[in-house]
Amino acid sequence: SKGNFEEDSQKQPAVGHWKTLMPSKGSKEEPETGCQNAGGVDETQSTEQLNVSRLRSSSVEIREKGSEFLKEELHRAQKELKLKDKECERLSKVREQLEQELEELTASLFEEAHKMVREANTKQAASEKQLREARGKIDMLQAEVTALKTLVITSTPSSPNRELHPQLQSPSKAVFRKGHGRNKSTSSAMITAANQNVTPEPVSHECREVDSILFAEFQAWKESPTLDKSCSFLDRIYREDVGPCLDFTKQELSELVRVAVEQNTLTIEPVASQTLPAVKMSAEECGGPKKCALSGLPRICKHRIMLGDSGNYYYISPSCRARITAVCNFFTYIRYIQQGLVRQDVELMYWEVMRLRREMSLAKLGFYPSEM
């Protein structure tokens, strides 16, 4: 603007010079023109200065507003950056926590897996041990069953095989061992020596006739043999033979003897072969070599009994021993029938049962062999 102003001021004399050459009405026009030009220049200068000041003020304002906007953006960016930093810190903590939990879970899983493997190995070893023991027991039981089958097929209480039972060749030396036990074999062989001498005459030389009622009850029991005394066959024998035969003076001890005979846990042994000391008990309960514990009478007791594994021995007289032996013989034979070890005709089995019932009847009436 200053340059334009200078150019205009330089051009003014030329214009004035041309005006002086031309005709004019008077000399008064020149000063007016010069005043007008001077006034126009001042106005232009003031306008330009105003514009410059406006531009300066607007530029300052724009700069201030721009700086404020930038400050706000910077402040907002700083806030967002802080939030991002906090979020990153939180995420890093979460990641560390997850990694720690994963490590702990992995360690616990490995520990649990090792524990399960150890338990499985222990159980497997125990199972293998039990299997070996079971196989050994099975082999033993199979051999025992084979021996029992051989014994039952070739020998019965009515006609024992002396070759299989050498103790029967000399009745005076017959020994009553632990034969009436649950897991003991050949239990009847140890009480057969007394049976063969009790029979007055061979059964084949007697006249006999089958009782239809008794035979029907035995046949019904033979279809499904059981030791439950609720069936009619065993109920009759309990009432007529077993109960009276085991009914001694000492009622409490008699009941214990009956239960032991039914459960196959009764042991009879000679007094001379005792290996365990008798438990000290009252003379009324235990008896002694000269007093029977069942009858309470003074008798010479050559045998004693033990009920189960109690360890208590009771001295019994020969008569009481014969009664107990007769009942044990009966239970032994019906157990053989129940287990399928007796392979005979039904009628032959029936007469064997009748013979055993007769043995119980004779014993409860007081008949017994002298060897008792």
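1. Accessible areas here come from the Shrake-Rupley method with a 1.4 Å probe, and for residues only the protein chains shown count as cover. On that basis the chain has an accessible surface of about 24900 Å², and carbon and sulfur atoms hold 55% of that surface.

2. This is a predicted model, in which local features need pLDDT of at least 70 and side-chain atom pairs count only at pLDDT 80 or more, while totals for chains, interfaces and linings use all residues. Residues are numbered from 1 along each chain as its sequence is written, and side-chain values use heavy atoms, with hydrogens and water left out.

3. Nine helices and three strands make up the secondary structure of the chain; helices (H or I, at least four residues) and strands (E, at least two) are DSSP runs, numbered from the N terminus. Their order along the sequence is α-α-α-α-α-α-β-α-β-β-α-α.

4. Of the 372 residues in the chain, 29% are buried (under 20% relative accessible area, with exposed set at over 50% and partly exposed in between; 1.4 Å probe, protein chains only). Among contacts (heavy atoms within 4.5 Å) with a separation of 6 or more, 71% join residues 24 or more positions apart.

5. Helix 4 (residues 212–223) and helix 9 (residues 346–364) have axes that come within 11 Å and cross at roughly 115°. Axes are lines fitted to C-alpha atoms, for helices over the stretch in contact, and angles run from 0 to 180 degrees between N-to-C directions. Helix 4 is therefore roughly perpendicular to helix 9 (65 to 115 degrees; under 35 is roughly parallel, over 145 roughly antiparallel, and the rest oblique).

6. Helix 4 contributes L214, F215, F218, Q219 and K222 to this contact, and helix 9 contributes V346, E347, M349, Y350, V353, M354 and R357. By class, the contact has eight nonpolar, one polar and three charged residues; Ala, Val, Leu, Ile, Met, Phe, Trp, Tyr, Cys and Pro count as nonpolar, Asp, Glu, Lys and Arg as charged, and the others, Gly among them, as polar.

7. R258 lies in helix 6 (residues 251–262). With a relative accessible area of 18%, R258 is buried. Apart from neighbours within four places in sequence, R258 is in contact with K229 and L246.

8. N264 sits in the loop between helix 6 and strand 1 (266–270). N264 is not a glycine, yet has a positive phi of about 60°. Most residues other than glycine have a negative phi. N264 counts as buried, at 12% relative accessibility.
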